[in-house]
Amino acid sequence: MSRIGTILRVIRPHIVIGGVLGYMLGVFYPSINSRIDLITSLIGYITVFFIDLSTHYSNDLYDAERDKQANWKPFGSNNVLIKTPEIAPWLFRVAILCSAVSLLLASYLVFQNSVSRIVLG
C-alpha cells in the first residue's frame, strides 16, 4: 500500500484543478445558449484527466536528474522520484496505463460520434 501512496504523491492537485477549470470553460462557454450532454462531457473530462496524470508521471521520470539540482519550485514536482528512485519503473507503467486509458476513452468518443454532441445546439 505504501507504493501506491508514493505513486499518488506525484500528482499535483493544483494542476489537476486547473485542468478541471480549463475543461469546464471549454465545455460551458460555447454552450451558453445550448444544452450540454453531461455523460459525454464527463467521459471527455475523464479522458483529459488520465492524459493529465500521464503527463505528471512522465514529467517526473524525465526531469528527475534536473530536479535533483533545482531549487524548490512552486508549481514543480513533489520530488517523489528523487526520494524514492526505486519506484521509477512503476511510474513508467502508470504513465503508460494512463495514456492507454485516455486513448481508449477518446477512441470510444470518436467512434460513438459523441464528441460533437458534448454541446448540442
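Helices here are DSSP runs of H or I with at least four residues, strands are DSSP runs of E with at least two, and both are numbered from the N terminus. By that rule the protein has six helices and two strands. Along the sequence they come in the pattern α-α-β-α-α-α-α-β.

A word on the source. This is a predicted model, in which local features need pLDDT of at least 70 and side-chain atom pairs count only at pLDDT 80 or more, while totals for chains, interfaces and linings use all residues. Residues are numbered from 1 along each chain as its sequence is written, and side-chain values use heavy atoms, with hydrogens and water left out.

Now the whole chain. The protein has 121 residues, and 30% of them count as buried; buried means under 20% relative accessible area, exposed over 50%, and partly exposed in between, with a 1.4 Å probe and protein chains only. Contact means heavy atoms within 4.5 Å. Of the contacts with a separation of 6 or more, 79% are between residues 24 or more positions apart.

Next, one helix pair. Two packed helices are described by the angle between their axes and the distance between the axes. The axes are lines fitted to C-alpha atoms, for helices over the stretch in contact, and angles run from 0 to 180 degrees between N-to-C directions. Helix H2, residues 13-28, packs against helix H3, residues 38-62, at about 145 degrees, with the axes 10 Å apart. Which residues of H2 and H3 meet? From H2 there are Ile 15, Val 16, Gly 19, Val 20, Tyr 23 and Val 27. From H3 there are Thr 40, Ser 41, Gly 44, Tyr 45, Val 48, Phe 49, Asp 52 and His 56.

Tyr 23 of H2 deserves a separate mention. Is Tyr 23 buried or exposed? Tyr 23 counts as buried because its relative accessible area is 18%. Its C-alpha atom is 6.8 Å from that of Tyr 45, which is 22 residues away along the chain. The Tyr 23 side chain also reaches the backbone oxygen of Ser 41, at 2.9 Å.

Last, Ile 7, which lies in helix H1, residues 2-8. Its relative accessibility is 9%, so Ile 7 is buried as well. What does Ile 7 contact, apart from neighbours within four places in sequence? The partners are Tyr 57, Trp 90, Leu 91 and Val 94.

Terms used: A polar contact is a pair of N or O atoms within 3.5 Å; within protein, one must be able to donate a hydrogen and the other to accept it, and residues adjacent in sequence count only if both atoms are side-chain atoms.
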